[in-house]
Amino acid sequence: VMSLPIITDIRDEDIQLPGITLREEQINAVRKAIKTRRLIISMGTGGGKTEIACALITTLRKLSDPNLSMIMLEPSEHLVKSTVNRFKSYGINAVSWSEHRGKPLESNEVVVAIPTSLRNDIRKNPEIAKSVRMVIADECHHASSASWYEVLTSFSNIEYAIGLSATAVSEKCDYSMISEYSIDELKIIGCLGPVRVKITAG
């Protein structure tokens, strides 16, 4: 699998969503995610994580690969449905894993899934995981659980791994000492990277 190009020059005008003006901190979060490729964006309710995820997807497809295969992980079917609808409202072709199951990942789709059902299908067909180049894990404080961790570590060709959560890693940790972290926090950081961006509610 050929690696994606490294993107270093990302202008504000490259990071856009139709019908909305992104805040400066949201633009900076997207830029940081593209440059570092692995990170957790820490934000609470009202931080605009769906807008950040959508802007990240559209910007990467514009600057890197328009056929970039992506999966978004959500902790519940309710959030899967909500995310699919929100993505569609921003012009992103999104589909739930339950609708998509049994089909190859299409280059113009973002597949939104709960890890438990995705894990079961990957166990039956590991090729599913090999085709994924980018994952966005919403509510990524769940990433240390058995199903999330198994799915996230199965993506052998992943190039972008982005986590979104307000509580994934304790704020008291400053990354200077590994002993400051719990085992669960280390598993999350191992899958997605450290917290590199913090956003307050808009």
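A salt bridge is a side-chain nitrogen of Lys or Arg within 4 Å of a carboxyl oxygen of Asp or Glu. The structure open in the viewer is a predicted model, in which local features need pLDDT of at least 70 and side-chain atom pairs count only at pLDDT 80 or more, while totals for chains, interfaces and linings use all residues. Residues are numbered from 1 along each chain as its sequence is written, and side-chain values use heavy atoms, with hydrogens and water left out.

**Stop 1: salt bridges**

Select Arg23 and Glu25. Their side chains meet in a salt bridge, 3.1 Å from N to O. Side chains of opposite charge can pair when their charged atoms come close. For relative accessible area, buried means under 20%, exposed means over 50%, and partly exposed is in between (1.4 Å probe, protein chains only). Glu25 is partly exposed at 27%, and Arg23 is partly exposed at 28%.

Next, select Glu127 and Lys130. This pair also forms a salt bridge, at 3.3 Å from N to O. Both residues belong to helix α6 (residues 127-130), three residues apart, which is about one turn of the helix. Helices (H or I, at least four residues) and strands (E, at least two) are DSSP runs, numbered from the N terminus. An α-helix has 3.6 residues a turn, so residues three or four places apart point the same way. Glu127 is partly exposed, with a relative accessible area of 48%, and Lys130 is partly exposed with 40%.

Now select Arg133 and Glu159, whose side chains meet in a salt bridge of 2.3 Å, N to O. Arg133 is in the loop between α6 and β5 and Glu159 is in the loop between α7 and β6, so the pair ties together parts that are 26 residues apart in sequence. Arg133 is buried at 11% relative accessibility, and Glu159 is buried at 13%. Elsewhere, salt bridges that share partners join Arg11, Glu13 and Asp14 into one network. How many salt bridges does a search of the whole structure find? The search finds 12.

**Stop 2: Arg37**

Select Arg37, in the loop between α1 (24-36) and β1. Is Arg37 buried or exposed? With 15% relative accessibility, Arg37 counts as buried. Show the polar atoms of its side chain. One polar atom of the Arg37 side chain lies 3.3 Å from the backbone oxygen of Leu4. The backbone oxygen of Pro5 is 2.8 Å from a polar atom of the Arg37 side chain. Contact means heavy atoms within 4.5 Å. Leaving aside neighbours within four places in sequence, the contacts of Arg37 include Ile6, Lys32, Tyr160 and Glu159; Glu159 is also the salt-bridge partner of Arg133.

**Stop 3: Glu51**

Select Glu51 in helix α2 (residues 49-63). Glu51 is buried, with a relative accessible area of 9%. A polar contact is a pair of N or O atoms within 3.5 Å; within protein, one must be able to donate a hydrogen and the other to accept it, and residues adjacent in sequence count only if both atoms are side-chain atoms. Such a contact, of 2.6 Å, joins the side chains of Glu51 and Arg86.

**Stop 4: helix α8**

Select residues 183-192, which make up helix α8. Which residues of α8 are buried? They are Glu185, Ile188, Ile189, Cys191 and Leu192. Looking down the axis of α8, these buried residues fall within an arc of 165°, so they line one face of the helix. The arc is that of the directions from the helix axis to the C-beta atoms. On the other side of α8, Ile183 and Gly190 are exposed.

Just after α8 comes Gly193, with a positive phi of about 100°.

**Stop 5: the loop between β6 and α8**

Select Ala168, in the loop between β6 and α8. Ala168 is buried, with a relative accessible area of 8%. Not counting residues up to four places away in sequence, Ala168 touches Ile40, Cys140, His141, Glu185 and Ile188. The C-alpha atoms of Ala168 and Asp184 are separated by 9.1 Å, and these residues are 16 residues apart along the chain.

Finally, select Ile178, which is also in the loop between β6 and α8. Ile178 is exposed, at 65% relative accessible area.
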